Amino acid sequence: ITVPNDLDAHWMPFTANRQFKAAPRLLVGAKDMYYTSHDGRQVLDGCAGLWCVNAGHGRDKISEAVARQISEMDYSPSFQMGHPLSFELASRLVELAPDGIDHVFYCNSGSEAVDTALKMALAYHRIRGEGSRTRLIGRERGYHGVGFGGISVGGIVSNRKHFGTLLSGVDHLRHTHDPARNAFSWGQPEHGAELADDLERLVALHDASTIAAVIVEPIAGSTGVLIPPKGYLKRLREICDRHGILLIFDEVICGFGRTGKAFGADSFEVTPDLMTTAKGITNGAVPMGAVFAKKEIYDTFMTGPEHLIEFFHGYTYSGHPLACAAALATLDIYAEEKLFDRAANLSEYFGKAAHALRDLPNVIDIRNYGMVAAVELSPRAGEPTKRAYEIFVRAYEQGVLLRFTGDIIAISPPLIIDEAQIDHLYAVLAEAIKATA
Ligand code: PMP
């Protein structure tokens with residue numbers, strides 16, 4: 001495949017695609033653990049695409065299900081209508097979800113799932129006559145997609161800076177992550193649950209009667225794999241319960257096996273009121289998101305006139321037949337291959353391999369949980385993110401695709417990875433860290 005010189009003449013690149021023109025990185029094929037690059041190289045996928053291809057690439061079962069569905073029925077309206085797969089999928093998803101969560105609402109991405117969940121939280125309180133609860137609480141360094149809701153509750157200031165006031169009344173929990181203190185913690189940090197008490201500060205500041213919901217990722221992924229200290233999420237749950245505040249887990253990355261269980265909620269033994277998912281729900285093959293809700297929330301919405309749910313929201317492609325077909329096939333693969341158990345079993349080997357990099361130059365922290373890990377590097381003076389970017393480029397050239405976010409390298413391979421591939425991934429990363437020191 002030849003790459004034309006004016007490749008990006010008309011394409012508007014994403015923020016992070018700087019230097020794309022200088023060094024095109026095009027992927028043209030994918031199978032199991034590997035991408036094929038435009039210049040014909042096999043590239044080990046160290047981040048499951050963007051944390052989504054949990055069962056590995058090019059799964060025949062998924063492509064066959066999607067092909068079958070597109071020839072049978074390519075599309076069906078999602079309003080006043082349904083199709084059998086959407087109902088079957090909903091019951092399969094609920095079966096997988098923590099006890100007490102028994103409804104799903106379909107959308108098309110993580111960002112849409114977040115906006116949907118935030119709207120559900122606001123509507124829930126208002127329908128119950130608690131319309132003063134309009135405030136949403138996110139967390140510093142939280143990432144919840146790029147919709148207006150998601151960037152408002154998200155904790156990345158640069159993602160908000162050009163877009164005015166966004167949602168009003170949003171506030172953020174402090175999430176002090178200090179590599180010096182957490183450095184090289186194995187798995188979950190033992191200490192720091194009291195960080196959750198910052199929610200009490202916000203309750204005192206704003207009054208609980210103004211707060212609708214708190215949204216956090218069980219493990220903050222895109223901002224660098226921040227593992228919650230032991231007990232942190234339970235403490236958040238307790239504080240929310242005490243003050244009638246809904247707790248939303250953004251499981252877009254954690255969901256579908258990444259933590260070694262179906263959801264982060266299972267791993268950390270905390271059941272939220274609402275859960276947002278996407279990515280792994282279809283193994284990345286077809287865009288889809290889903291919001292999971294407790295029965296109490298669903299029941300609150302069912303107070304409208306007969307057959308009219310009191311929650312005015314939905315997308316043209318909610319429960320798209322192709323997405324449902326892909327999701328059902330994906331859930332079959334997860335179950336048949338016991339991929340969540342596989343993730344749990346592999347996580348120790350994977351974590352040890354990550355921690356073996358601790359003495360390399362500029363490494364200041366290593367974090368892991370389940371099948372996700374991060375290596376944090378000290379930023380090069382005056383050039384933030386440059387070091388991680390160079391490591392990313394070097395590793396890609398050496399045949400391993402990783403993800404960098406700030407000066408942090410994130411690793412989250414498909415759950416089908418084997419030990420030899422884990423060794424190879426970390427050997428290439430180690431070499432790239434040394435080469436860019
Ligand atoms: N929430 C979380 C936790 C995410 O990691 C992401 C994507 N990385 C999103 C929401 C947004 O998902 P999408 O890009 O599908 O809109």
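Thr276 stands opposite Val291 in strand β10, where helices (H or I, at least four residues) and strands (E, at least two) are DSSP runs numbered from the N terminus. This is a predicted model, in which local features need pLDDT of at least 70 and side-chain atom pairs count only at pLDDT 80 or more, while totals for chains, interfaces and linings use all residues. Residues are numbered from 1 along each chain as its sequence is written.

Strand β9 (residues 274-277) is joined to β10 by four bridges, and these two strands run antiparallel; two strands pair if DSSP finds at least two bridges between them. Strand β4 (residues 101-107) also runs antiparallel to β10, with six bridges between them, and Cys107 has Gly289 as its bridge partner in β10. Because six of the six residues of β10 (residues 289-294) are buried, this strand is largely enclosed by the rest of the structure. Here a residue is buried if 20 or more other C-beta atoms lie within 10 Å of its own, exposed if 12 or fewer, and partly exposed in between, with C-beta atoms placed from the backbone. Gly289, Val291 and Ala293 point one way from β10, whereas Ala290, Phe292 and Lys294 point the other way, and all are buried.

Around the ligand there are 14 residues, of which Ser109, Gly110, Ser111, Gly145 and Val252 come nearest; a residue is near a molecule if its C-beta atom, placed from the backbone, lies within 6 Å of it. Helix α4 (residues 110-127) gives the most to this shell, with three residues. By class, the shell has five nonpolar, seven polar and two charged residues, where Ala, Val, Leu, Ile, Met, Phe, Trp, Tyr, Cys and Pro count as nonpolar, Asp, Glu, Lys and Arg as charged, and the others, Gly among them, as polar.

The chain is divided into domain 1 (15-55 + 338-435) and domain 2 (63-336), with bounds that come from an automatic or database domain assignment. The C-alpha centres of the two domains lie 26 Å apart, and 32 residues of domain 1 are in contact with 31 residues of domain 2, contact meaning that the C-beta atoms, placed from the backbone, lie within 7 Å. On the side of domain 1 that touches domain 2, α13 gives the most, with seven residues, and by class that side has 18 nonpolar, ten polar and four charged residues.

Two residues other than glycine have a positive phi, as set out below.

Pro379 lies in the loop between β12 (372-377) and α14 (386-397), and counts as partly exposed because 16 C-beta neighbours are found inside 10 Å. Leaving aside neighbours within four places in sequence, Pro379 is in contact with Pro384, Arg387 and Asp407. Pro379 and Ile408 are 29 residues apart in sequence, and their C-alpha atoms are 9.2 Å apart in space.

As to confidence, the mean pLDDT of the chain is 94, and 96% of its residues reach 70 or more, pLDDT being the predictor's confidence in each residue, from 0 to 100. Among the elements of the chain, helix α7 (residues 179-182) has the lowest mean pLDDT (78) and strand β8 (residues 246-250) the highest (99). For the complex, the predictor gives an ipTM of 0.99 and a pTM of 0.97.

Conventions
Contact = placed C-beta atoms within 7 Å.
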